[in-house]
Amino acid sequence: MSKAKSSRERRVIQPSITRVTRSSVNLQDTQHIKPSASGLVNDLSLMRVSEQQNSSKRKGKSPKDCNSPQNLSPSIKSALSSPSAPHGALATISRLIKLGRVRNIVVVAGAGISTASGIPDFRTPGTGLYANLVKYDIPYPEAIFNIDYFSDNPHPFFSLAKELYPGYHRPNYVHYFIRMLHQKGLLLRMYTQNIDGLENLCGIPDDKLVEAHGNFATAACHLCYSPYPAEEAKQAIMNDKIPICTFCAGAVKPNVVFFGEDLPEKYFQHAEDFPKADLLMIMGTSLKIEPFASLVNTVKSTVPRLLLNRDPVGPFERQPLKRGDYMELGDLVDSVRKFADILGWHSEIQHLMNCHENALFYKTDPNSGENSDSSETDSRFFWTK
Ligand code: CNA
């Protein structure tokens with residue numbers, strides 16, 4: 001079967017989803033996007049990757065000094081204008097939450113929220129997957145998630161998949177913080193680029209979660225999209241075999257979205273969610289992959305956006321920051337722990353982690369009880385395999 005033909009067939013077989021393709025341009029770097037909700041599906045229908053260097057780093061104030069509350073909606077402004085208002089991004093956003101000004105939080109997350117669980121991200125120098133791809137023998141880093149490359153040679157992706165398959169890693173403090181947002185009734189939706197399934201494992205319900213780049217829970221032929229039993233696919237991949245479609249003999253892969261593949265239908269819920277958000281939290285992502293990256297530009301202009309990341313990314317690279325943009329730079333677990341302390345949620349999160357982990361843990365190893373007490377632990381590595 002020719003590639004052109006198989007590509008056309010993919011479109012015909014999946015009529016309810018929008019075609020996405022990979023490109024080397026990041027929409028954020030080329031446009032100022034202020035799409036209407038109805039225009040979002042069209043505007044954000046191309047999946048792209050940008051490897052452009054941060055061109056907007058300029059001299060001036062340190063990014064941490066640039067959080068500016070001017071020009072927010074009147075209710076948020078008044079919440080922040082008290083003479084006793086605390087300083088710093090986390091304190092400011094905590095105050096909004098405590099005052100009840102924030103009720104519909106949208107979280108946008110990437111691989112950085114899972115590094116504390118022992119899963120490398122893409123782009124962190126030294127430890128990221130892109131810096132350690134020699135063993136996969138591929139011509140360029142993105143090839144490992146390129147559907148045409150996979151068609152020719154599925155082995156590199158399967159080698160990586162063996163390391164990423166759910167079951168070997170545990171959620172960390174950051175995942176449980178997001179679950180706590182849900183338990184407090186504050187989480188409108190979490191949009192994650194991650195494929196590790198840790199959001200699901202930590203108990204964030206399905207209806208609160210959009211796994212924009214798919215997951216390992218199901219599998220299908222990459223050519224004809226015939227479903228294939230996920231467990232059988234996993235067993236084959238774990239045994240260094242290629243699972244083969246019984247219908248067209250194409251290679252089967254887990255339903256992880258590759259560059260050049262369609263995003264899941266659920267992703268397009270963003271057109272309703274983002275306009276409803278009253279706080280956007282962006283965590284652990286380089287915002288390099290479109291159309292996901294541009295989602296952060298689709299909340300109302302009066303809505304505060306908080307970036308928790310090691311370095312400034314996307315619209316947070318500009319200095320001074322846009323009014324209403326806040327960021328806390330540094331290690332995510334440290335930042336989230338600090339945020340939880342300011343909110344007064346830390347003990348609750350720790351308790352939730354311990355209870356949930358014990359339930360998961362006893363399922364797999366009933367003889368190991370050393371994690372059962374609720375005392376303080378190094379939560380960064382507590383769940384690492
Ligand atoms: P990325 O491009 O690697 O960016 C990660 C970002 O997180 C970077 O800005 C890092 O500086 C930051 N970061 C990493 N660790 C920490 C930390 N401990 N504290 C603070 N910041 C940190 O990854 P993106 O998610 O932006 O790219 C999207 C890709 C990555 C998606 O297509 C995923 O499928 C893919 N991916 C997912 C996983 C996973 O599921 N865990 C792992 C690796 C790659």
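How far from an oxygen atom of the ligand does a polar side-chain atom of N309 lie? In this predicted model, local features need pLDDT of at least 70, side-chain atom pairs count only at pLDDT 80 or more, and totals for chains, interfaces and linings use all residues. Residues are numbered from 1 along each chain as its sequence is written, and side-chain values use heavy atoms, with hydrogens and water left out.

The distance for N309 is 3.0 Å, where a polar contact is a pair of N or O atoms within 3.5 Å. For H213, a polar side-chain atom is placed 2.8 Å from a ligand oxygen atom. In R123, a side-chain N or O atom is 2.4 Å from an oxygen atom of the ligand. On its own the ligand has 860 Å² of accessible area, of which the protein covers 97% (Shrake-Rupley method, 1.4 Å probe).

Around the ligand are 28 residues, each with a heavy atom within 4 Å of it. A111, F122, R123, D196 and S286 come nearest. This shell consists of nine nonpolar, 13 polar and six charged residues, with Gly counted as polar, Tyr and Cys as nonpolar, and Asp, Glu, Lys and Arg as charged.

Helices α8 (residues 173–183) and α12 (residues 332–343) pack at about 35°, and their axes are 9 Å apart. Helices are DSSP runs (H or I) of at least four residues; axes are lines fitted to C-alpha atoms over the stretch in contact, and angles run from 0 to 180 degrees between N-to-C directions. From α8, Y173, V174 and F177 meet α12 residues including L332, V336 and R337, contact being heavy atoms within 4.5 Å. The residues of this contact comprise nine nonpolar, no polar and one charged.

Terms used:
Helices (H or I, at least four residues) and strands (E, at least two) are DSSP runs, numbered from the N terminus. A polar contact is a pair of N or O atoms within 3.5 Å; within protein, one must be able to donate a hydrogen and the other to accept it, and residues adjacent in sequence count only if both atoms are side-chain atoms.
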